[in-house]
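Subject: Structure handover and notes

Dear colleague,

Please find the structure below, with the sequence. My notes on the sheet, the aromatic side chains and the salt bridges follow.

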Amino acid sequence: MIDRPDPRPPAQSTARPEELARCPFPDRGPRLPGLDAEITAVLTEESAALDEGEHQRWLDMLDPVFRYEIPVPLLREDPALPRHSRSAVLFEATKRVLELKFGRVGLVPAWSDRPATTTRHFLGSVRVFDAPAPGVVRADANLLVTSNRGVEHTALVSAARRDLLREHHGRWLLLRRCVLLDVEVATHEQLSVIF
């Protein structure tokens, strides 16, 4: 018998879900269309919690190692080049940072918080893909967010969103979110929105 190299490509290494929150965002795995409706329902509930100001309910949908990031948009003449930085971010937060941000909301409202901001998330084109860790999927979606506060403060921003969701005790938790803004220069109002 002659030893020949195995012609099949090596199996993709599986990462632990916690590692996916820290490493570069994973590429899309095989498409999982059977999960589109289930994951869309999860993301719809998650958006509703943000829109309705139920911040604790939203935080309860996040995995303890959750990571949120908005990469810097890049202005490129060559459309083949990436439109977002792979190393620089405009905003990055963990679940703990977001708990502190929303913890302030429960306190006595500051004068600068009046009138309150109204936010609406419009989610579409959700597609689910396998991820390189057991019990984790990647969901890509398009998002339009409006944020209104008084007459002069209105933000309308579109973005592509990449989410990693982890199945934990029979429910899906957000493990990671990467927001790819469709603007070249993000404003303060746009960055104050949780996508």
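In these notes, buried means under 20% relative accessible area, exposed means over 50%, and partly exposed is in between, with a 1.4 Å probe and protein chains only. The model is predicted, so local features need pLDDT of at least 70 and side-chain atom pairs count only at pLDDT 80 or more, while totals for chains, interfaces and linings use all residues. Residues are numbered from 1 along each chain as its sequence is written, and side-chain values use heavy atoms, with hydrogens and water left out.

Sheet

Helices (H or I, at least four residues) and strands (E, at least two) are DSSP runs, numbered from the N terminus. Two strands count as paired if DSSP finds at least two bridges between them. Six strands make up an open sheet in the order E2-E1-E6-E5-E4-E3, and the pairing is mixed. E2 and E3 are the edge strands, each with a single partner, so one side of each has no neighbour in the sheet. From one strand to the next the twist averages 25°; axes here are lines fitted to C-alpha atoms, for helices over the stretch in contact, and angles run from 0 to 180 degrees between N-to-C directions.

E1 and E2 are antiparallel and share six bridges. Tyr-68 is opposite Ala-93 in E2.

At the other end of the strand order, E3 (residues 118-130) runs antiparallel to E4, with eleven bridges between them. Phe-122 has Leu-144 in E4 as its bridge partner. The two strands form a hairpin with five residues between them, and Gly-135 in the turn has a positive phi of about 75°. E4 also runs antiparallel to E5, here with 14 bridges, and Ser-147 has Ala-155 in E5 as its bridge partner. This hairpin has three residues between its strands, with Gly-150 in the turn at a positive phi of about 75°. E4 (residues 136-149) is mostly covered, ten of its 14 residues being buried.

Helix H2 lies across E3, E4, E5 and E6 and runs at about 160° to E3; contact means heavy atoms within 4.5 Å.

Aromatic side chains

Rings of Phe, Tyr and Trp (its six-membered ring) pair if their centres lie within 6.5 Å; planes under 30 degrees apart count as stacked, over 60 as edge-to-face and the rest as tilted. There are three aromatic pairs in the structure. One of them is Phe-66 with Tyr-68, where the centres are 6.5 Å apart and the planes at 40°, so the pair is tilted. Phe-66 and Tyr-68 are both buried. Tyr-68 also pairs with Phe-91, edge-to-face, at 5.8 Å centre to centre and 75° between the planes. That pair links distant parts of the chain, with Tyr-68 in strand E1 (residues 62-73) and Phe-91 in strand E2 (residues 84-94), 23 residues apart. Tyr-68 has a relative accessible area of 0%, whereas Phe-91 is partly exposed at 27%. Trp-58, Phe-66, Tyr-68 and Phe-91 form one aromatic cluster.

A separate ring contact involves a charge, which sits over a ring if NZ of Lys or CZ of Arg is within 6 Å of the ring centre and within 35 degrees of the ring normal. Arg-31 lies over the face of Phe-129, at 5.6 Å from the ring centre.

Salt bridges

A salt bridge is a side-chain nitrogen of Lys or Arg within 4 Å of a carboxyl oxygen of Asp or Glu. The structure holds 18 of them.

Arg-177 takes part in two of the bridges described here. With Glu-46, the closest N and O atoms are 2.7 Å apart. This pair connects helix H2 (residues 36-51), which holds Glu-46, to strand E6 (residues 171-181), which holds Arg-177, across 131 residues. Both Glu-46 and Arg-177 are buried. With Asp-163, the closest N and O atoms of the bridge to Arg-177 are 2.6 Å apart. Asp-163 is in strand E5 (residues 153-168) and Arg-177 in strand E6, 14 residues apart. Asp-163 is buried, as is Arg-177.

Glu-99 and Arg-96 form a salt bridge at 3.5 Å, N to O. They are three residues apart in helix H4 (residues 95-103), and so separated by about one helical turn. Glu-99 is partly exposed, at 29% relative accessibility.

Finally, a network of salt bridges links Arg-16, Glu-18, Glu-19, Asp-63 and Arg-166.

Regards
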